[in-house]
Amino acid sequence: YRKFTYRLRVFIAYAKKYAFQNKQAILHLHGVYFRRKAIHALKNSKLINTNFLLRKSFSAQKGVDGKQHIDSETAEKEYIDNMLNSDFVLAPKGHANESVRFYEALSLGRFPVLINTDKILPLEDYIDYKKFVVTVNYTDIKNTERAVLNFYNSLDDEEFKKRQKMAREAFELLCPGSFWKIVLQGLKKAN
């Protein structure tokens, strides 16, 4: 049933895109569509060592991975360990045009690979995201490998570590106390 509804949503989005010339129709697909496209673009890379944690279900929080039972503590530990053992974390949108994984990657000092679906990042005028986020436009997912390699090859070891710290610092700025302080200061300056 889930495969059928997924394929139906993709078919409808492409029908809107081509039959009605609605170029934005693809943006309304759930994040799993963009995640699958990006994984496909990276899985056969000879230059990038991937360690995707793939499950049959959307969330192991419900205690199942397809037909296999998995307790939520084990699933969460595997998820976090997987991110800690990665320099880059694929962060497409979820059901909305937002990605919790994006913020989780920042919290661990990892580089999110953001599949950009016209997303507006918080505090864009304050945080220089291009220093630690690899952004790939949703229309260019097939070139995700190139985007990651360009980012990686532009940094020496010292700069790489510095940028990881910048990612963590950005996360700290996005936490509620810091975030609202910055927003209120901005409003105060505007008046």
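In this predicted model, the largest nonpolar core has 36 residues, and those with the most contacts inside it are Phe88, Phe102, Ile115, Tyr129, Phe132 and Leu174. Two or more residues come to this core from each of the elements α2, β3, α4, β4, β5, α5, α6 and α7. Helix α2 gives the most, with five residues. In soluble globular proteins, nonpolar side chains tend to be buried together.

Some of the contributing elements are listed below with their residue ranges.

| Element | Residues |
|---|---|
| α2 | 31-43 |
| β3 | 88-91 |
| α4 | 100-107 |
| β4 | 111-116 |
| β5 | 134-137 |
| α5 | 144-153 |
| α7 | 176-190 |

Apart from neighbours within four places in sequence, Phe88 is in contact with Phe111, Val113, Val134, Val148, Phe151, Tyr152 and Phe160.

Gln164 lies in helix α6, which spans residues 157-174. Gln164 is classed as buried because its relative accessible area is 16%, under the 20% limit. When residues up to four places away in sequence are not counted, Gln164 touches Asp87, Gly109, Arg110 and Phe111.

The chain as a whole contains seven helices and five strands, arranged from the N terminus as α-α-β-β-α-β-α-β-β-α-α-α. Of its 191 residues, 36% are buried. Among contacts with a separation of 6 or more, 52% join residues 24 or more positions apart. The chain exposes about 12800 Å², of which carbon and sulfur atoms supply 54%.

Conventions
Residues numbered from 1 in each chain as written. Predicted model: local features only at pLDDT ≥ 70, side-chain atom pairs only at ≥ 80, totals over all residues. Heavy atoms only, no water. Helix = DSSP H or I, 4+ residues; strand = E, 2+ residues; numbered from the N terminus. Buried < 20%, exposed > 50% of the residue type's maximum accessible area, 1.4 Å probe, protein only. Contact = heavy atoms within 4.5 Å. Areas by Shrake-Rupley, 256 points an atom, 1.4 Å probe, with all protein chains shown as cover. Core = buried A, V, L, I, M, F, W, Y, C linked by side-chain atoms within 4.5 Å.
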